Amino acid sequence: MDMTVADLGEAAREVALSGRLDMAGVDRIEAKFNAAAISNGQPLLLDLGSVEFVSSLGVRMLITTAKAMRQRALPFVTHVPAGPVREMLTVAGIDSLIPMFETLEEARATILRR
Amino acid sequence: MNGPAEPDGWIDVGADAEGLEAARLRLVSRLVHMDPPPGRSAVYAVELVLEEFAANASRHGGARSVRVMALDHGSSLELQFCDDGAEFDPTSATLPTLPSGLDEAQPGGLGLVLMAHYASAWSYEREGAWNRLHVFVDKQVG
């Protein structure tokens, strides 16, 4: 599991994950992700476009992130293209908890508007 | 290892992330040799069921030994899981309701929901000190 971080000007932070958000992936990335994505005090766009697998531990990380961002009154959206990952997150009910956009353009437009 | 007498084909699933990953890779290498091999969505389902089962068996059931085998049934495949944890029949468990909002959302508890969704059928039996779970997954070829 790898992570890249980019700022959308001063308006928001975009964090892209790639690889597998499974037991090993979450172990490897969670602390680094929290520091980059939550603690910096900006709205967050989480790009899961290059994530090939998410398990319930990955879902737990997303829920924890969403709660932390809401506590800080900061917007949080995700880019999740159509495919098995999006299907899994829908089965897990995440689509009703966290905005999920099928294209990165829609996700960026939304986070920059908020 | 003690337990029910089994034919070759069992894959030991380690309790930690490394052990789980090693088992996943071995399991996937079995899938690609099936006839026909399962589609991408079916492979995802298999990997997900493996991780959710292994996590539940060791974390909640206290299992020290977890094994899995994949069997080819043509248009579907069967995962057989065997563990020495506390007696537990997931096919009879009440599934948690999905949260309607972030306030209700708990970080855990989804494993059974996911397994029930991705299995086209499943069955359970207890053999002595062992749980045995059969999970059927459609191959979704094409």
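1. In chain B, strand S4 (residues 121-127) and strand S5 (residues 130-138) run antiparallel and are joined by seven bridges. Helices here are DSSP runs of H or I with at least four residues, strands are runs of E with at least two, and both are numbered from the N terminus. Two strands pair if DSSP finds at least two bridges between them. S4(B) and S5(B) form a hairpin, with two residues between them. B:Gly128 sits in the turn and has a positive phi of about 60 degrees. B:Glu127 has B:Trp130 as its bridge partner in S5(B). B:Ser123 is partnered by B:His134.

2. A word on the model. It is predicted: local features need pLDDT of at least 70, side-chain atom pairs count only at pLDDT 80 or more, and totals for chains, interfaces and linings use all residues. Residues are numbered from 1 along each chain as its sequence is written, while chains are lettered from A and ligands numbered from 1 in the order in which they are written.

3. S5(B) also pairs with strand S3 (residues 76-83) of chain B, in the antiparallel sense, over eight bridges. B:Asp83 stands opposite B:Asn131 of S5(B).

4. Next, burial. A residue is buried if 20 or more other C-beta atoms, placed from the backbone, lie within 10 Å of its own; it is exposed if 12 or fewer do, and partly exposed in between. S4(B) is hardly covered: of its seven residues, the count of buried ones is zero. In a regular strand the side chains alternate between the two faces of the sheet.

5. Chain B as a whole has three helices and five strands. From the N terminus on, the order is β-α-α-β-β-α-β-β. Its radius of gyration, taken over C-alpha atoms, is 15 Å, close to the 14 Å from the globule rule for 142 residues, so chain B is as compact as a globular protein of that length. The rule is 2.2 Å times the number of residues to the power 0.38. Of the 142 residues in chain B, 32% are buried.

6. Helix H1 (residues 17-31) and helix H2 (residues 40-59) of chain B pack at an angle of about 145 degrees, with axes 11 Å apart. Axes are lines fitted to C-alpha atoms, for helices over the stretch in contact; angles run from 0 to 180 degrees between N-to-C directions. The contact residues include B:Leu20 and B:Leu27 of H1(B) and B:Val43 and B:Leu50 of H2(B). Contact means C-beta atoms, placed from the backbone, within 7 Å. The contact residues divide into nine nonpolar, no polar and three charged. Nonpolar covers Ala, Val, Leu, Ile, Met, Phe, Trp, Tyr, Cys and Pro; charged covers Asp, Glu, Lys and Arg; the others, Gly among them, are polar.

7. Between the chains, 20 residues of chain A are in contact with 21 residues of chain B. On the chain A side, H2(A) gives the largest share, eight residues. That side has 11 nonpolar, four polar and five charged residues.

How values were computed. Two residues are in contact if their C-beta atoms, placed from the backbone, lie within 7 Å.
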